[in-house]
Amino acid sequence: MIQVNEEPLDWHEGMTVRDILRAKNYRFPMLIIHVNGLLIPKPDYDTTTVPDSAVVQVIHLISGG
Amino acid sequence: MDQLVFDPSKVMAIDHTRRTEYLGALLAYRTGLRTLKEVAYTPSLPDRGYNNRSLYVNVDTLEVTEKPVTQQMKDVFIGGRGFGLYHLWNAVQPTTKWNDPENEIIISPGPVCGITQYAGTGKSLVVTLSPQTEIPIDSNVGGFFGPLLKFSGFDALELQGKSTKDVILFIDGVKGLIRIDEAPEGPVDSHVLGELLTHLYAENDADLPNVSVVSTGAAAEHSLIGMLNFSFYDRRRGCVRFKQAGRGGIGTVFRDKRIRAIVCRGPKVAGDLNHPADPETIARTGIKYHKEIREQDPHQCMMRRNGTAHIVEIMNAYDLLPVHNFQFGSHPDTHKIDSSYWQQRCTQVTVDGCWYGCSMACAKGTDGVVLKTGPYQGHMVTVDGPEYENAAGLGSNCGVFDPDYLLELNFYCDTYGICTITYGTLTAFIMECYQRGILNKERTGGLELTWGNAEADLAMMHQMARGIGFGKIAGMGVKKMKTHFIAQGWGDPQLINDIGMENKGLEYSQYMSKESLAQQGGYALTNKGPQHDEAWLIFMDMVNKQLPTFEAKAEALYYFPLFRTWFGLNGFCKLPWNDVVPADNSSQPEPQKVPEHVQNYVDLFTATTGVKITKEDLIMQSARVYNFQRIFNIRMGKGLRLHDAAPYRSLGPVTREEYESRTERYDKQLQDELGIDPAGKSTEEKMALHRTWRTDRFSQLMDSVYTRRGWTLDGVPTLERLRELGLDAFPEVVAVVKQFI
């Protein structure tokens, strides 16, 4: 289990940042993602794996209107 | 799930230069004009962003006067919305109504407006006493009029009085004349009138881009929700297009004054007309920003490709897209009206900016639309948009997922002079009333206003434009419709009040706020009413969980409304601030504020005016005007805590269907937030628990926000706050506050 924006999410071996975005349906393009406090650059979303019990923060910037 | 990829092969092959033309009436219109007044003046260009004079026109007495713009006006009110509020305050009394001759319409561009080196710098602000809210309304609008007015020599235009005949005000900033013409019988709808007048007042074809027309349409004469269209000439399409000053019924005031149109002809636009103090800094800042747009936008919001419609699918994914009068936040048919469709349908071979130099270029247009209904049935037109608010308001919120009908609704709203946001929300309210038996076919005069019935929706709009039938009732807006329905005994008053999405008399714009307490405040704790241009905090609050306490929400509801107010003081568009961000924004402190862009704005203001400011000064500039506007509301008999009340639909689930469509979410909240086990409780019992909890925390939010803003718990700025802002220099302002302290 990991925490994503203070909500629990089931974890699986090899889970990537991209997998988290898909699981949460986070499709907004302007995100800032920290895994255990470490900033993950956008090009690395597909390759960065997330350990079990990780604390993930997915900051959506403001847009619209 | 992943970001949309643009496929040029899917763009529809539509000739963007073809459309129905209306110039056949040009000669008759030209010969039908009768000059009532003509005044010569000396044109000027701004110095450091200001001309230091404004233009006053009374359409009744035909008085045409220049007024000085004083140093105090510039120091305290800056320009744009600030100048509008300042002039309006001086024009009206606490007893003035929107349709009294004393009421004014003020258009002011702001000191930075008109530079061409940075994106989003062509905006002007329109201010008047609103027919819907009976307090000042301000609306931020693109198009060329504001910059051309400024380059004709004026920092603001004040319109007062009520004419007994239709008039056209013409400002010729090249020849130096101001003329009031009696308008002949003829079209009032903007897509016809705008084209006619652009060609009528331009000297030749090359002069067409130097002319801008402000107009409205037939519906503004018969409703309280009229808006103003500000034109700009689209060289690539070879046609006149429009941006809208939409909210609050400004177009209604315009037609009540019997103004048919305002036309400004300015000099040919060049990059140095604003005569800034430091053009090198402006150029350098602009080049940096344009590079950012070019490199980052394709991987971020794709504003250049999709415009604001890019967030239709985003809002749907986050359960934030208003569906069926804000009951639900998503719908399975959204894909029919999201940007995957619009990027195929919108013309993609042009640069769609509504002012020179805007590299964000989000003013999308849909060409080759052949109308199916109404007085222009069979005509081929260009539709400005659809923007997000139109797709959500006219589309999903009313259950209309047919893009052709959505475009037709968008078009007729624009040309009739109807605010699309307002129309979407009031129609959604009507459709829910129809669903729940508050309305029926007999009460609507035969219109079957069921969800998604676009033909009935259009029929109602055509009625509104003619001032007949149920369309005339709809044109009163949600607040007055609620009163009317209740007075007729047509339904449960509490239900009607709960589902009518208005605050202060203004309809909500198109975002779901139920699950974001901060956004509930972002809508309701506003000066003019629930428009998202003060604060959009849903992601920060609901998704990111960055605002966990009342104090954190209050801080956001202090900073963001003030920061965004500043755009309207200076002539900026909000979109370039945060619809693209620098590549390294993620590593900046407080990235949601986009610190590099904030610094750009500080630099642009300083480089334009020569007045050195900091980012803290920027907030203080806004705070003066924001608090002045709050006190203006109080002066007009509103502006207190009770006027910030929100309809319950904006706070939580009103109906069983709403609750049961998201049972898991709401039950979990009972458990986690209230410590109540939902097991064994009926839906009605659980809804009642939610209502108590949600209304109580909204009240707590009000306390926190008022305190942070330096207001009493009744929402009145304190004398201490006035002193901090320097507003104690205005005895009339202090006197208003003292009545409540």
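Start by selecting helix α20 (residues 550–570) of chain B together with helix α26 (residues 683–709) of chain B: their axes come within 8 Å and cross at roughly 50 degrees. That angle makes α20(B) oblique to α26(B), where under 35 degrees counts as roughly parallel, over 145 as roughly antiparallel, 65 to 115 as roughly perpendicular and the rest as oblique. The crossing is right-handed, meaning the near helix is turned clockwise from the far one by less than a right angle. Axes here are lines fitted to C-alpha atoms, for helices over the stretch in contact, with angles from 0 to 180 degrees between N-to-C directions. Helices (H or I, at least four residues) and strands (E, at least two) are DSSP runs, numbered from the N terminus.

Now show the side chains at this contact. From α20(B), pick B:F550, B:E551, B:K553, B:A554, B:E555, B:L557 and B:Y558; from α26(B), pick B:Q700, B:L701, B:S704, B:V705, B:R708 and B:R709. Contact means C-beta atoms, placed from the backbone, within 7 Å.

A note before moving on: this is a predicted model, in which local features need pLDDT of at least 70, side-chain atom pairs count only at pLDDT 80 or more, and totals for chains, interfaces and linings use all residues. Residues are numbered from 1 along each chain as its sequence is written, while chains are lettered from A and ligands numbered from 1 in the order in which they are written. Colour chain B by pLDDT (the predictor's confidence in each residue, from 0 to 100): the mean is 97, and 100% of its residues reach 70 or more. The model scores ipTM 0.96 and pTM 0.98.

Next, select B:K514, in the loop between β17 (506–507) and α18 (517–524) of chain B. B:K514 is buried because 27 other C-beta atoms lie within 10 Å; the cut-offs are 20 or more for buried, 12 or fewer for exposed, and partly exposed in between. Leaving out residues up to four places away in sequence, B:K514 touches B:S650, B:L651 and B:G652.

- B:G385 and B:P386: a cis peptide bond joins them, with omega about 5 degrees.
- B:N52: phi is positive, about 65 degrees, although B:N52 is not a glycine. With 17 C-beta neighbours inside 10 Å, B:N52 counts as partly exposed.
- B:I78: phi is positive here too, near 65 degrees, and B:I78 is buried, with 29 other C-beta atoms within 10 Å.

How values were computed. Contact = placed C-beta atoms within 7 Å.
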